[in-house]
Structure formats: C-alpha cells, structure tokens
Amino acid sequence: MSQYRIQGNTGEWEVVIGLEVHAQITSESKLFSGSSTGFGAEPNSHVSLVDAAMPGMLPVPNRECLRQAVRTGMAINAQINRWSRFDRKNYFYADLPQGYQISQLYHPIVGEGAIEVTLNEKDPDSPTKKIGIERIHVEQDAGKLMHDQHPTMSFVDLNRSGVALMEIVSRPDISSPQEAGAYLKKLRSILRYVGSCDGNMEQGSMRADVNVSVRKPGGELGTRTETKNVNSIRFMMQAIEYEAQRQVDLIESGGAVVQETRLFDPNRQETRSMRSKEDAHDYRYFPDPDLLPVELDDAFLEECRASLPELPDAKRARYEAMGLTAYNAAVLTAEAETAFWFEDLLAEGVDAKQGSNWLMSELFGALNKMGKTLDESPVNPKQAAELLSLVADGTISGSIAKQVFEIMLETAAQGNMMGAAAIVEEKGLKQTSDTGAIEAEIAKIMAANEDKVAEYRSGKDKLFGFFVGQTMKAMQGKANPQIINDLLKKALG
Amino acid sequence: MSVDKDTVNKIARLSRIAISDAEADKMVGELNGILAWVEQLGEVDVTGVEPMTAVIPNKLRLREDVVTDGDVRDKVLANAPAREGSFFGVPKVIE
C-alpha cells in the first residue's frame, strides 16, 4: 500500500511490523472472579480473594468475556476454535499475585483472520491492504504499580488484576508507521462496533506491543525488537519510526540488533532497552490444572453470530446503496460512534441524504468549534430529527434551520435547550407559503428596480438571482424559496 | 529427559527458591530419578490417542457476567507484609 523506505548509507531498507494489541474486554465482572471491572475505584476495592490469589481460590471463567472474544473473532472473519484451553505463563512480578498469568498459548479461542485497512478511511479511493491476524486469545490483566508514592516502596493496586483482555496478534504484514496507524484505527473501530472493547487508549483499555525489524527490500527478515505498552496511535507511529531508524543506523555502523524488549519514551520520542534479565522470557507455560478446556457449542456460536452488528465495511456499502456519496458513507462509518448516531437519526425518520449532509456539515462544524466529540454533543438524534423534519416538510427553509440550530446550541449551553419547533414558534420563523404576501413584495421590488427588470427581460438571466435575494430579504428569510422562484418567474415573464 | 546442575539452579532461580550448592547436587539426583520414573510412560504407544485433559468427564463451568464479589479490601490486605494505606507496599521494583 505505502512504499515506506528508510534511506541508509548502504541503500534502502524496508520495515517489517507486527502488532500485539491488548484490548480490555467490556464486561461487568472480571475474567475469573465476580469482582467489578469499574474504572477509577478506590485502590484494592475491586479485588476478591481470587484476584488476590489467596490459597485455595479457584478461577471460574466469565461467559461474557469468552463470548466477546468469539464475536470479535467473527467480526474479523477469523477461525473460531470450538476447543481452546488456558495455560499458565509463569513469572514473578509485584503486580501479579498469582505468580503466573492465566493466558492461552497453545490453543487460543480465535485463530486466523484478517482486516482490511486503508491509509485514509475517509477517502473512498484510498488504496486498501489486508493485514493478517494470527490469533486472538483471552488472558488476565495484571495489577497496577505506583512508584512515586514512597522513597523505598512501590505501591500495588490490584483493581485491574484479573480483568479480561483479548490479545490480538497481527501477522508481520505491516510495512510503515502509517499502515500501523491505519490498522490500529480500523481494529479499534471494529472493537467498538462489536462492543467488545471501548477502545479507550488513554484509560489503557487498548495498548499495543510493537514488533519492528528492518531488512533490505525483499531480503531475509531481520532481528526484531518489541516495544511494550504503547498507548496511543501517534506514539506507536513515532516509536516505529524511531526504532526502525535506530536499527538501520546500528546495522550500518557494524552492530547487530539484539532481540529485546524496549520502552517508548513519548517525551524524548525514543525507545529504550528495558535491560531485562536474561531469563525473563522463560515463562514455563503449561496447561492450567484449575481449568478445564473451553468447549463452545452450536447454540453459543449461533448467538455470537446473530448478535453481531453490521460492521463498518458492510455499513458503508449499504449507505452508498442508499444514495449517499462515497465520501459521506466513508466518514459516517469510520467511527462506530458516528455510525450509531446516524443510525439513530435515520430511526427517527430523517431522510438519509438530508441527515448525512446536516450531520457532516452543521453538527460536525458546531462540535468542532466547541471542541467536543459526537458523544458530548448537546443535541441528540431525536432533537436533531425534530429540526430536520421542519425543513423536510417546508415549515422552515435551510437557512432558517441554521439559525434555529444555533439557538438550540445557545440555549443548550445555558443549560436548558429549546426544541426546534418551540424556537420556530417563539421567534416566528415559520416560512410562509402565503403567495399573496410574496406577490405583494415582488411587485414592490419590481417597481423599485425597473431598470433591472428591463435588463432581465432583454436576456440578462443572471439577474434572476438578484430578484430572489431581494424577495427573500423582504420576506425576512421566511418565504418558501420554491414559491418565490415560481412567482418570480411568472411576474418577470 | 534429564537435568543437570545448571538447569536445577535455573529452575530454582525462576521459582525464587534459594538452594545451596549441596542442595542443588542432591536435587539433580532426585529430579533425574523422578524424570526417569515418569519416562516409563514413554513405553506406551499413544499414537492417535487424544491427550486427556481431566480424569473425570466434566465440562467447564462458566459464570454469568455479574458483580458478586470484591469490596473486601481489608480482608485482601490483612496478610500483606506491608500495608500502605489502601495499597500493598512492596520493595521498590522500578529499574
């Protein structure tokens, strides 16, 4: 898709990237215990004896977490494994009370799939590329460590301990920072459509481990490094850029890339070695003896499939079929929140074209000015539909609708939004189709502009716009434009 | 399959178990004895036999997604070697 090359002293290098994305599964309770997954609670309050790994506690899997992983797999057309199993990944760290993470190494719940990405999801003509997904497995999150609260101690909060994660492992099919960004965006969009993860990277609901290596174009794969826990798309792209350049410089100056774990420092925009101990990666995986294999039956899979929403690519095609432009369809479907808002608008009976144009120009414009996202919109789809229906049935004109919308926003900002119909009523903005009143104004304007009438009649068609403008002005914008047109044509002959 | 002294020391380190040199020597013999004994299973031809995952025919039980537990901070922290407010305190682990 993109020809990303690093220019070195010895020629061009290409970059090979694979991403392991950890996505927190949306659920009320944890993967193996009944503790809450709520964000921002008092430290160690969302912790059960299971999450704290007290002796004798047994894990019982949360059906919903498995269901969401399967639904996500279906959304990327992946193979769903009816038989999967949990393994223990053994290591010692203060945020891991069990001394092992319950994960799925040998038999993940979801196998091979793929997603199609485009460098610019809002441009329907932008080229696309298929990025393979090797697997999705389900595992536990660890607790949180705080290092700055005490001179000699780290503090441990186990609220996250045991929260369900999906690890979504891509194939090394990604070959530029831009493609990596596009992949992560598309993946996040799919997760939000499916509802399996909120995709909120700032809160850590989605983080990426970035595998990067470099090679001469078409050559043997180089040694890769893994940059851990990158928590924004921008940082991930910067980390890849830095890391690829670092590897090229290293190799060209006679060094060799060491397979290691690195950290990205957003302040210095560089990656650094984590200097982990040599045997840190000896996880001694083995099947967790506390858990039987996961066996999914037909009814379970059937429900997963039936509950899948329409996904971005399908939705986009449908919108285009409804008569929206390719651009509008692409913009409306790129993010789940936009698509869901638009769907709600349609459900209120708004015409698709009218609704999409209004959403993309008026509402997005207003939100942009206010610095708000669609989720924070002061106007909901029902209120928007009320406004749009007034335009659709000819009660107000498009330009009056803009005024009404502004008043809606102003009154919303004051804490008590007025509905569109109430505004039109109170301000007397109703468009008139009273032909008598319009004809009277037209007569006055023609009398005051006899010269222009003559010019028009002698063939200067462009003046028609002038008469429309004058009439609309005289009617204070409240006349039906179609009726003005018709009456003017008749009067001017 | 057998283990040597280096392997024994490595496993001990990974498991955070401190063993002396003499204990490691002793452990090599003991572990190799156990491994050799278990290795007898290798004499059985299991071609085409599915690995057994449980000794009793049983199905994995799943929970519904409801909050039924937690909110037991004092219990959870009761046995902590060092409690610091609402947190566990551990020796500083940052590099």
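1. Basis. The model is predicted: local features need pLDDT of at least 70, side-chain atom pairs count only at pLDDT 80 or more, and totals for chains, interfaces and linings use all residues. Residues are numbered from 1 along each chain as its sequence is written, while chains are lettered from A and ligands numbered from 1 in the order in which they are written.

2. Interface. Chain B places 36 residues in contact with 41 residues of chain A (contact: C-beta atoms, placed from the backbone, within 7 Å). On the side of chain B that touches chain A, at least two residues come from each of α1 (5-14), α3 (73-77) and β2 (87-91) of chain B. β2(B) gives the most, with five residues. Helices here are DSSP runs of H or I with at least four residues, strands are runs of E with at least two, and both are numbered from the N terminus.

3. Interface composition. That side of chain B has 16 nonpolar, six polar and 14 charged residues. Ala, Val, Leu, Ile, Met, Phe, Trp, Tyr, Cys and Pro count as nonpolar, Asp, Glu, Lys and Arg as charged, and the others, Gly among them, as polar.

4. Four strands form an open sheet in the order β8(A)-β9(A)-β2(B)-β1(B), with antiparallel pairing (strands pair if DSSP finds at least two bridges between them). β8 (144-146) of chain A and β1 (83-84) of chain B stand at the edges with a single partner strand each, so one side of each is left without a neighbour in the sheet.

5. Helix pair. α5 (residues 312-321) and α6 (residues 326-334) of chain A pack at about 145°, with axes 9 Å apart. Axes are lines fitted to C-alpha atoms over the stretch in contact, and angles run from 0 to 180 degrees between N-to-C directions. The contact involves residues including R316(A) and Y319(A) of α5(A) and A330(A) and L332(A) of α6(A). By class it has six nonpolar, one polar and three charged residues.

6. Domains. Chain A is assigned domain 1 (6-300), domain 2 (310-427) and domain 3 (435-492), with bounds from an automatic or database domain assignment. The centres of domain 1 and domain 3 of chain A, taken over C-alpha atoms, are 66 Å apart.

Note on methods: Two residues are in contact if their C-beta atoms, placed from the backbone, lie within 7 Å.
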